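The model comes first, then the text.

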Amino acid sequence: MLTLKFIQENKDEVIQRLKIKNFDAAGIVDEIINLDNQRKATQVEVETFQAEMNGLSKKIGELFKSGKAAEANEAKARTGELKENIKGLDAKLSEITSQLDEQLVQLPNLPNEIVPPGKGEDDNVVVKSGGEMPVLNNAVPHWDLIKKYDIIDFELGTKITGAGFPVYKGKGARLQRALINFFLDEADKAGYEEVLPPLLVNEDSGFGTGQLPDKEGQMYHATADNLYLIPTAEVPVTNLYRDVILKGSELPIRNCAYSACFRREAGSWGAHVRGLNRLHQFDKVEIVQVAHPTKSYEILDAMVAHVQTIVEKLELPWRLLRLCGGDISFTSALTYDYEVYSAAQERWLEVSSVSNFENYQANRLKLRFKEEGEKKAQLAHTLNGSALALPRIMAAILENNQCAEGIRIPKVLVPYTGFDIIN
RNA sequence: GGAGAGAUGGCAGAGUGGUCGAAUGCGGUGGUCUUGAAAACCAUUGUACCGCGAGGUACCGGGGGUUCGAAUCCCUCUCUCUCCGCCA
């Protein structure tokens, strides 16, 4: 969330910049500033009483010790009133604070200046593109190819779990594992330290990265233990650094992680979500960085470049989008998406999303760093990106590489799969 | 799942009602000494909020209670450890 200090000092800028996200912040910002002022006033009031109470208590203690019990008991008379005042003001303070928090979490992150205006995905800006568009006759979509070669089985998944939980079989399973290992090796080569995180997280973690409270319905919730199945490894990996004060010299922190991801996707089924295009469970390799605020945009560029090298090694036609204000997420300041072209579906598929959250997540996480010799800790910046999400990569590989003999495996993957064709 | 023990500063670890934001040791930082380093010695070393400042307030796992006063007593939750059971 945005810091109170920033909102207080830049009220008009906050309202102005959130218009790019099509968010009318005027009411909330006023409410926040009002509540914050009330909070301060109430705090000063309660602390004044507390100071008096502390002094009085000390005095009573001394009186008892020196045997002046009568005087001590006399002094006690005033404490009752003080206690009542403190109790009342405390209640008021926590009421104000919770109202303030409630308002604060409703404010999205400010978009970076270069985020283009727009309502939705049609307004995203193509930054660049590359790779060769495949030329195919009568291209078969992947949902038919997977049946033809018996490598992914949706019906079986439906039987044991439900729609959107496919079973990967034989060379399909092997290809899936190959992609995971390839992505992890690429991340490792680029300097990201691998972690293998839990797939379920607690409420604090969900709040830290911004899934809670706003996107609660998107996550599977194990209610018996109040744990959430992760929608992305971003959640556990970024939360590794919750409530942490790093040394300036430790930045940037770079992690990568493979995980299964779980998304309820409530209400988002419809056109264009056949086959692997949208699943409830899928695999992804995620890259996460914790950065110095002055370096985060440089790092965002490096992360984008990393994703591009992977897509290029897989010989897929790609394009890079800068998301517009209407399509960028609640918590992000700037997001780039990579899409690959799917020949049989004749459309672009999003396979990666790389974002800079600046200090928005860090403020929730209390993720700070302290520069050598400095007294005060400051909020770090967090970033993450998919490198990459598997299902649509799988779809694109199957569709684009189909030929009379079967499906060719991209050269870089052959050492991982142990075969060069699916037939 | 059953029984018991415990949770204190970066770490270890004292502290069972007031003088405790908290002994001591280690670690960190600055300094003295040294050609340099080590050792030794001296100093310093948590976070947040309010305040120009002096200073004030809160925090000893979380929440609540008793009391003029709680790290310390009570209730509750969470977590950790030990033993037993079960088990990949």
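How are helix 2 and helix 3 oriented to each other, roughly parallel or roughly antiparallel? They are roughly antiparallel. The classes go by angle: under 35 degrees is roughly parallel, over 145 roughly antiparallel, 65 to 115 roughly perpendicular, and the rest oblique.

**Basis.** This is a predicted model, in which local features need pLDDT of at least 70, side-chain atom pairs count only at pLDDT 80 or more, and totals for chains, interfaces and linings use all residues. Residues are numbered from 1 along each chain as written, chains are lettered from A and ligands numbered from 1 in the order written, and side-chain values use heavy atoms, without hydrogens and water.

**Chain A.** The chain has 13 helices and 19 strands. Both are DSSP runs, numbered from the N terminus: H or I of at least four residues for helices, E of at least two for strands. The C-alpha trace spans about 100 × 45 × 45 Å along its principal axes. Of the 423 residues, 48% count as buried. Buried means under 20% relative accessible area, exposed over 50%, and partly exposed in between, with a 1.4 Å probe and protein chains only. Among contacts with a separation of 6 or more, 74% join residues 24 or more positions apart. A contact means heavy atoms within 4.5 Å.

**Helix pairs.** The table gives the packing of two pairs. Axes are lines fitted to C-alpha atoms over the stretch in contact, and angles run from 0 to 180 degrees between N-to-C directions.

| Pair | Angle | Axis distance |
|---|---|---|
| Helix 2 (residues 11-18) and helix 3 (residues 26-65) | about 155 degrees | 9 Å |
| Helix 7 and helix 10 (residues 296-313) | roughly 135 degrees | within 11 Å |

Helix 7 is therefore oblique to helix 10. The crossing of helix 7 and helix 10 is right-handed. That label applies if the near helix is turned clockwise from the far one by less than a right angle; anticlockwise is left-handed. Phe182, Phe183, Glu186, Ala187 and Lys189 of helix 7 meet His306, Ile310 and Lys313 of helix 10. By class, this contact has four nonpolar, one polar and three charged residues. Here Ala, Val, Leu, Ile, Met, Phe, Trp, Tyr, Cys and Pro are nonpolar, Asp, Glu, Lys and Arg charged, and the others, Gly among them, polar.

The crossing of helix 2 and helix 3 is also right-handed. Lys11, Val14 and Ile15 of helix 2 touch Ala26, Val29, Asp30 and Ile33 of helix 3. That contact has five nonpolar, no polar and two charged residues.

**Buried sites.** Phe182 sits in helix 7 (residues 171-189). Its relative accessibility is 2%, so Phe182 counts as buried. Phe182 and Ile310 are 128 residues apart in sequence, yet 9.0 Å apart from C-alpha to C-alpha. Beyond four places in sequence, the contacts of Phe182 include Leu314, Val412, Leu413 and Tyr416.

Glu339 belongs to strand 12 (residues 334-342). At 11% relative accessibility, Glu339 is buried. Its side chain makes a polar contact of 2.8 Å with that of Arg319. Beyond four places in sequence, Glu339 also touches residues including Trp318, Leu321 and Trp348.

Ile328 lies in the loop between strand 11 (318-322) and strand 12. With a relative accessible area of 7%, Ile328 is buried. Residues in contact with Ile328 include Lys21 and Val115, not counting those up to four places away.

In helix 12 (residues 390-400), 10 of 11 residues are buried. Among them are Leu390, Glu399 and Asn400.

Note on methods
A polar contact is a pair of N or O atoms within 3.5 Å; within protein, one must be able to donate a hydrogen and the other to accept it, and residues adjacent in sequence count only if both atoms are side-chain atoms.
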